[in-house]
Amino acid sequence: MTDYRRALEEAVRFLREHDRFLILSHVNPDGDAIGSTLAVAAMLEQLGKSYVLVNESGAPDKFSFLPRFERICNLSQDLAGDTFSAVIAVDCADASRMGDVRHLFAPDAALLNIDHHPTNDAFGAVNVIRTDAAATAEILYDLNEAAGLPITEDFALCIYTGLLTDTGGFRYSNTSPYNMEIAARLLRYGVNPGDVAERCLEVITLSHVKLLRQALQTLRMSHGNLVASVFVSRQDLESAGADREDAGGLVNYCRNIEGVEVGVSFVEAEPGTVKVSLRARSRVDVSEIAKQLGGGGHAKAAGCTLRGTLAEAQERVWNALGQALGVNADE
């Protein structure tokens, strides 16, 4: 039996041994985080368990088509002082990515950590980590199978959404024969691939377009034109009527420029707080850079949150990129 199969069996025991669960995903959740959260909820319902879904920053409206989406609470909502002895964290590269949720953990809390990020530090009592999985949703498909549960229409839609978004519409290098096979199987359970792609990958808000127009005016080439960056201030967000969700995807415009090895977006999410997103082509493992700066992610897609001004965040990231590329920022 492989270590992965053994971990799946331990996770199944965890699900069966407890009756009431807290389910968490990372702050500023994406399609895999939300899809995985809701897929776990669907599994627990089949097992006759109860649960509460929480995300510190709430869930993006673009995923409101997913079943049970309305049950995801943010920390501003009153949970009546509840604490939980069984916690499931999905798609969290490390414990800090869960956000400020420790007050919801009972003193005897046990945590099941399900994730696919190489930077995951195995922070759970039970850890199911497969770093070659394209998405945490891919691991949950395996967990559902290990638990002997049938695939429901709700579960299929959640897993497909996680796979679709974390592979960039099955275009990124993490697309594999296995996750394509999973996706094909899920289509038999009522998933409409065109509808999911439209909602998750195609539709954008007007505020995103306005923010994009402003962000592209800040485009900077550095490190011998190997790095392209855009910068979004709080004032930019406010003038565009945008929020952090609208800033998602800006980094891809940088990375997709011909000849660029690393794209970076700097978004001043709050005064003194800058969210940094990094996307790489081939020469740099941006997960290592993000990890150095207190974040995490994958070799080609990672991020971190830095304290300070946009200029201070830029200096820290550009220094790290200079070391990785062997080229100074101003060359």
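Author: Two residues are in contact when heavy atoms of theirs lie within 4.5 Å. Helices (DSSP runs of H or I, at least four residues) and strands (runs of E, at least two) are numbered from the N terminus. The model discussed here is predicted: local features need pLDDT of at least 70, side-chain atom pairs count only at pLDDT 80 or more, and totals for chains, interfaces and linings use all residues. Residues are numbered from 1 along each chain as its sequence is written, and side-chain values use heavy atoms, with hydrogens and water left out.

Reader: Which residues of α3 does α1 meet?

Author: Helix α1 spans residues 3-17 and helix α3 spans residues 136-146. On the α1 side, the contact is made by Tyr4, Leu8, Ala11, Val12 and Leu15. Their partners in α3 are Ile139, Asp142, Leu143 and Ala146.

Reader: Why is α1 described as roughly perpendicular to α3?

Author: Axes are lines fitted to C-alpha atoms, for helices over the stretch in contact, and angles run from 0 to 180 degrees between N-to-C directions. Angles under 35 degrees count as roughly parallel, over 145 as roughly antiparallel, 65 to 115 as roughly perpendicular and the rest as oblique. The axes of α1 and α3 are 9 Å apart, and the helices pack at an angle of about 65 degrees. That angle makes α1 and α3 roughly perpendicular.

Reader: Is the crossing of α4 and α5 left-handed or right-handed?

Author: Helix α4 (residues 153-166) and helix α5 (residues 177-186) pack at about 145 degrees, with axes 10 Å apart. A crossing is left-handed if the near helix is turned anticlockwise from the far one by less than a right angle, and right-handed if clockwise. The passage of α1 by α3 is right-handed. The crossing of α4 and α5 is left-handed.

Reader: Which residues of α5 make the contact with α4?

Author: The crossing of α4 and α5 brings Ala156, Ile159, Tyr160 and Leu163 of α4 into the contact. By class, this contact holds seven nonpolar, one polar and no charged residues. From α5 come Asn179, Ile182, Ala183 and Leu186.

Reader: How many residues of α3 are buried?

Author: A residue is buried under 20% relative accessible area, exposed over 50% and partly exposed in between (1.4 Å probe, protein chains only). In α3, the buried residues include Thr136, Glu138 and Asn144. Helix α3 is mostly covered, and of its eleven residues the number buried is nine.

Reader: Which residues of α4 does α3 meet?

Author: The axes of α3 and α4 come within 8 Å and cross at roughly 145 degrees. From α3, the contact involves Ala137, Glu138, Leu140, Tyr141 and Asn144.

Reader: Which residues have the most contacts inside the largest nonpolar core?

Author: A nonpolar core is a set of buried Ala, Val, Leu, Ile, Met, Phe, Trp, Tyr and Cys residues joined through side-chain atoms within 4.5 Å. The largest such core has 58 residues. Beyond four places in sequence, Ile159 touches Ala39, Ala137, Leu140, Tyr141, Ile182 and Leu186. The residues with the most contacts inside this core are Ile88, Ile159 and Leu186.

Reader: Is Ala240 buried or exposed?

Author: Ala240 lies in helix α8 (residues 234-240). Setting aside neighbours within four places in sequence, Ala240 is in contact with Ser207, Lys210, Leu211 and Gln214. With a relative accessible area of 6%, Ala240 is buried.

Reader: What is the phi of Asn28?

Author: Most residues other than glycine have a negative phi. Asn28 is found in the loop between β1 (20-25) and α2 (31-46), and its relative accessibility of 24% makes it partly exposed. The phi of Asn28 is positive, near 50 degrees.

Reader: How far apart in space are Gly99 and Glu56, C-alpha to C-alpha?

Author: Gly99 is in the loop between β4 (84-90) and β5, and is partly exposed at 22% relative accessible area. Beyond four places in sequence, Gly99 is in contact with Val27 and Glu56. Gly99 and Glu56 are 43 residues apart in sequence, and their C-alpha separation is 5.9 Å.

How values were computed:
Ala, Val, Leu, Ile, Met, Phe, Trp, Tyr, Cys and Pro count as nonpolar, Asp, Glu, Lys and Arg as charged, and the others, Gly among them, as polar.
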